[in-house]
Amino acid sequence: SGGGGSGGSGAVEDVAVEDAAVVEEDNGEVTAEMIEAREKAGDGLITQAYAALLVAFLIEGQPALRADVVCSLPEGGLASLAAVLERFRAFHENLESISAASHASLSRIIRWLKGSS
C-alpha cells in the first residue's frame, strides 16, 4: 500500500492519519479493524522494502543490469525504490528497531539509488 505522499514516512504517516480519523469517529475507541489495517499497511511496506533492497543489491555495480531494471520500473525509476526504503527506514526509526549498522547500510543504499536515478 502507501503510494502518493510527499516523502517522509509515507505509508506509516498514512496509517497514523487514518487511525486518528477513525479514533475521532469512534469517540477514542480503538477497534480490531483499526489494528488489522495498521498491520496490513506495515506488512505491505515491509514487503515493498525487502523487494527494493533485493533489486538495489542485485543491480549495484552492474551497469547493464541496472539499465535494464530502470527501463522496467515505473516513472521515477530508482528514486521510487529509494522512496520505499526511506519509508522503511522511518518505520524502523519510529519503532526504534534498527541498529546503527543497519541504519548506515540502509542510508548508503538510499543515497546510491538517488544518485543513480
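# Reading this structure, step by step

Student: What do I need to know about the model before going on?

Tutor: It's a predicted model, so local features need pLDDT of at least 70 and side-chain atom pairs count only at pLDDT 80 or more, while totals for chains, interfaces and linings use all residues. Residues are numbered from 1 along each chain as its sequence is written, and side-chain values use heavy atoms, with hydrogens and water left out.

Student: And what does "partly exposed" mean?

Tutor: Buried is under 20% relative accessible area, exposed is over 50%, and partly exposed is in between (1.4 Å probe, protein chains only).

Student: Which partner does K114 have in a salt bridge?

Tutor: The general idea first: side chains of opposite charge can pair when their charged atoms come close. Here, K114 pairs with E86, with the closest N and O atoms 2.4 Å apart; a salt bridge needs a side-chain nitrogen of Lys or Arg within 4 Å of a carboxyl oxygen of Asp or Glu. K114 sits in helix 5 and E86 in helix 4, so this pair links distant parts of the chain, 28 residues apart. Helices are DSSP runs (H or I, at least four residues), numbered from the N terminus.

Student: How many salt bridges are there in the whole structure?

Tutor: A search finds 2. R108 and E60 also meet in one, at 2.6 Å from N to O. R108 belongs to helix 5 and E60 to the loop between helix 2 and helix 3, so the pair ties together parts 48 residues apart in sequence. R108 is partly exposed, at 35%, and E60 is partly exposed too, at 25%.

Student: Which residues of helix 5 are buried?

Tutor: An α-helix has 3.6 residues a turn, so residues three or four places apart point the same way. In helix 5, the buried ones are L106, S107, I109, I110, W112 and L113. Their cover includes helix 2 (32-59), helix 3 (63-72) and helix 4 (78-95).

Student: Which residues have the most contacts inside the largest nonpolar core?

Tutor: L85, L106, I109 and L113, in a core of 17 residues. Such a core is a set of buried Ala, Val, Leu, Ile, Met, Phe, Trp, Tyr and Cys residues joined through side-chain atoms within 4.5 Å. Helices 2, 4 and 5 each supply at least two residues of this core, and helix 4 gives the largest share, 6 residues. Take L113: leaving aside neighbours within four places in sequence, it is in contact (heavy atoms within 4.5 Å) with A56, L78, A79, L81, A82 and L85.

Student: Where is E96, and is E96 buried or exposed?

Tutor: E96 lies in the loop between helix 4 and helix 5 and counts as exposed, at 73% relative accessibility. Look at its backbone as well: phi of E96 is near 55°, a positive value in a residue other than glycine. Just after helix 2, G61 takes a positive phi of about 80°.
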